[in-house]
Amino acid sequence: MTPPTIDELAVLGIECRGHHGVFDFERREGQTFVVDLVLGLDTAPAAASDDLHDTVDYGSLVATVKKSVETEPVDLIETLAQRIAGVCLTDPRVEWARVTVHKPDAPIEATFRDVTLTITRRREG
């Protein structure tokens, strides 16, 4: 039997407003976070059936990811990225998730364009 093909589905630039950070003003005022998702999954069943039920509904996924960013503040983007990866891996068709969290307004005393953290998590088992 041939192993399933792992394709990549990407949703980039998901803008969210969150209250994450170690400083009180970050928690109080909030700031923009931008999330990029890349998911590893086999899209052949959906291509064959042309049925949304046979693939990841990225519209619903984005809404769930956005909600996970906009609720329950955490100190670190590492924790936030892990939370988002967990959301992505709840769909059993997703073999792995690569999550990038952008924090363009991070409180840094220098001119910079962006702070990002990218993690990749695989389905356990």
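Cys16 is buried, with a relative accessible area of 4%, and Cys88 counts as buried at 1%, where buried denotes under 20% relative accessible area, exposed over 50% and partly exposed the range in between (1.4 Å probe, protein chains only).

The model is predicted, and local features need pLDDT of at least 70, side-chain atom pairs count only at pLDDT 80 or more, and totals for chains, interfaces and linings use all residues. Residues are numbered from 1 along each chain as its sequence is written, and side-chain values use heavy atoms, with hydrogens and water left out.

Strands are DSSP runs (E, at least two residues) numbered from the N terminus, and two of them pair if DSSP finds at least two bridges between them. Strand β3 (residues 96–102) pairs in the antiparallel sense with strand β2 (residues 31–41) over 7 bridges, Val101 being the bridge partner of Val35; β3 also pairs in the antiparallel sense with strand β4 (residues 116–122) over 7 bridges, where Ile119 is the bridge partner of Val99. Because 6 of its 7 residues are buried, β3 is largely enclosed by the rest of the structure.

Lys103, in the loop between β3 and β4, counts as buried at 9% relative accessibility. The Lys103 side chain makes a polar contact with the side chain of Glu26 (2.8 Å), a polar contact being a pair of N or O atoms within 3.5 Å of which, within protein, one must be able to donate a hydrogen and the other to accept it, residues adjacent in sequence counting only if both atoms are side-chain atoms.

Notes:
Helices (H or I, at least four residues) and strands (E, at least two) are DSSP runs, numbered from the N terminus.
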